[in-house]
Amino acid sequence: MGEILSYGFMQRAILAGVIVGLLCSVLSLFVVLKRLSFIGVGISHSAFGGVALGFLLGIEPTWTAAIFCILIALLIGLVKQRGKIQEDTTIGIFFAATMAFGILLVGLSKRYNMDLFGYLFGNILAISASDVKMVVAVSIVVLSIIAVFFKELLFYSFDEAMAKVSGIPTGFLNYLLLTLLALVIVVSIKVVGIVLVSALLVIPGAAGRQISSNYRGMLAGALLVGFLATTGGLIISYLLNLPSGSTIVLLATLFFFLSLLKR
Amino acid sequence: MENILQIENLRVLINGNLVLDGINLEMKEASFLALIGPNGGGKTTLLKAILGLVQPLSGKIRVFGLKPSQVNKKMAGIIGYVSQSPLFDPDFPVSAFDVVLMGNYRKIGLGHRANKTDRQRALESLELVGMESLANRPIGQMSGGQQQRVFIARSLITRPKLLILDEPTTGVDALSQDQFYRLLKELQTKLSLSVILVSHDIGLVPNYCDQVACLNRYLFLHGKPTEVLHSEALREAYGCEVDFLFHGKMPHRVVDQHNG
């Protein structure tokens, strides 16, 4: 066991993994309560278009992915606000279109890029010291914003119309929550990958909700599941030589099924 | 006594339809107004206009002497609102106490947590509606009637002078409805509240209010309850006969609800 932490890459992986796990768990509270899980899928898949663009242009793909994700998140928010087209319809379109755009760019680049698979399915070995710094920085920003707006976000999730009437800036909170979601997705991609990141934004919250009928207990449960799934998943994937992203998500799913026994 | 609500010649257009036209309405302090009328008759729109959530095409609205858009800024919390929507999510993980506290979030302010005074106020609001013993119960595990009481408590936490309720008894059984209206009347007297109650329940509501207004794009009348129930105007507003079944002292409506 001890040898795991003697490798630099494993130290970085576990550090980034635990932070991402906890960060996603906090956000999963609102993803589950405000029913944003499909939005999470839409935003995370749009990262693929951004990553491919970064590869083609020779820019750090995380940056292009970040811009792509935030843009798509705000677009989804705009459509939601206007309310003329159904939200899931919009997401279904953006989600496919940005993936198609990414695949087109990969085709244009005419080289088979292994790194691209790292972005799709997560590559814990590829986490650099600067990646860890970015995870830490984004976590501080996102968690500070959530701390400031926590009770407003809770009211917004519970009853948007009433929150608006009582003077809570619901329009702003709509965009804020989606932007935070985009930021968290981008920094989580290297750990679990584009395809699987949305799971980390749903499962901890869903399990927490099974455990407790109060949001405080739900948050505690989500954090516990997020922590155990990421650390446990990374250790198991190292010991058994399994892909880290899928091990984390499957372990989280196992915790979710265990939480169902509670009720 | 000054009018707490003054509406003159109000017209409201929603998606190209004139939903409200030529509305004139006055409300005195501590009065109880029931607003009835068919579905799609503009009841909710009128409430939204008073709350400043809908912009009128023309006409004047003054609430406590201010434009609706100003009321929220200068006199935040002076209007309490209870919407018709049942729980968006019946399993939402908050207790009755948490729900009541939400009504005070704006006052508590960004980045601040509820302090002892805020918590005390939330408890007092729950006491007003007789729900203090269920303060810690998850909202989803309460009956429809209990939930509505909690929502009233939430609207009372800012100590409003005007309470607006939009079909608050949707999804509440008949017995609880009666108790609910009685509680409302009690609160109105106790806290000298002005109340605007939108209801389909034209059988029960007139027993509790001072005035009834019938709305079907036009505000049909604005008089004492006994006048309304026997009035032609009610028939006109609903577009058909409204029959009542009398047993005991309580008249009950027996026709089905219909779209106007």
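**Stop one: the core**

Start by selecting A:Leu27, A:Cys69, A:Leu181 and A:Ala252: of the 156 residues in the largest nonpolar core, these four touch the most other members. What you have open is a predicted model, so treat each stop as a look at a prediction. Next, colour helix H8 of chain A, residues 170–192, which gives the most to this core, with 14 residues. As a general background idea, nonpolar side chains in soluble globular proteins tend to be buried together.

Now zoom in on A:Cys69. Which residues does A:Cys69 touch, leaving aside those up to four places away in sequence? Select A:Ile43, A:Ser46, A:Ala47, A:Gly50, A:Ala182, A:Ile185 and A:Val186 to see them.

**Stop two: where the chains meet**

Show chains A and B together. The contact takes 20 residues from chain A and 18 residues from chain B. On the chain A side, select helices H6 (129–158), H7 (160–165) and H11 (215–240), the elements that give two or more residues to the side touching chain B. Which of them gives the most? That is H6(A), with six residues. Sorted by class, the chain A side has 11 nonpolar, five polar and four charged residues.

**Stop three: a covered strand**

Move to chain B and select strand S5, residues 79–82. Are its faces covered or open? Both are covered: B:Ile79 and B:Tyr81 are buried on one side, and B:Gly80 and B:Val82 are buried on the other.

**Stop four: a helix with a buried face**

Finish with helix H7 of chain B, residues 174–190. At 1.5 Å a residue its 17 residues should span 24 Å, and its end C-alpha atoms are 24 Å apart, so the two agree.

Select its buried residues: B:Gln177, B:Phe180, B:Tyr181, B:Leu184 and B:Gln188. Turn the view to look down the axis of H7(B): these buried residues fall within an arc of 95°, so they line one face of the helix. What covers them includes strand S3 (32–36), helix H6 (144–156) and strand S7 (194–198) of chain B. On the face turned away from the buried side, look for the exposed residues B:Leu175, B:Thr189 and B:Lys190.

Definitions and conventions:
Residues are numbered from 1 along each chain as its sequence is written. Chains are lettered from A and ligands numbered from 1 in the order in which they are written. This is a predicted model: local features need pLDDT of at least 70, side-chain atom pairs count only at pLDDT 80 or more; totals for chains, interfaces and linings use all residues. A residue is buried if 20 or more other C-beta atoms lie within 10 Å of its own, exposed if 12 or fewer, and partly exposed in between; C-beta atoms are placed from the backbone. Helices (H or I, at least four residues) and strands (E, at least two) are DSSP runs, numbered from the N terminus. Two residues are in contact if their C-beta atoms, placed from the backbone, lie within 7 Å. Ala, Val, Leu, Ile, Met, Phe, Trp, Tyr, Cys and Pro count as nonpolar, Asp, Glu, Lys and Arg as charged, and the others, Gly among them, as polar. A nonpolar core is a set of buried Ala, Val, Leu, Ile, Met, Phe, Trp, Tyr and Cys residues joined through C-beta atoms within 7 Å. The expected span of a helix is 1.5 Å times one less than its number of residues. The arc is that of the directions from the helix axis to the C-beta atoms.
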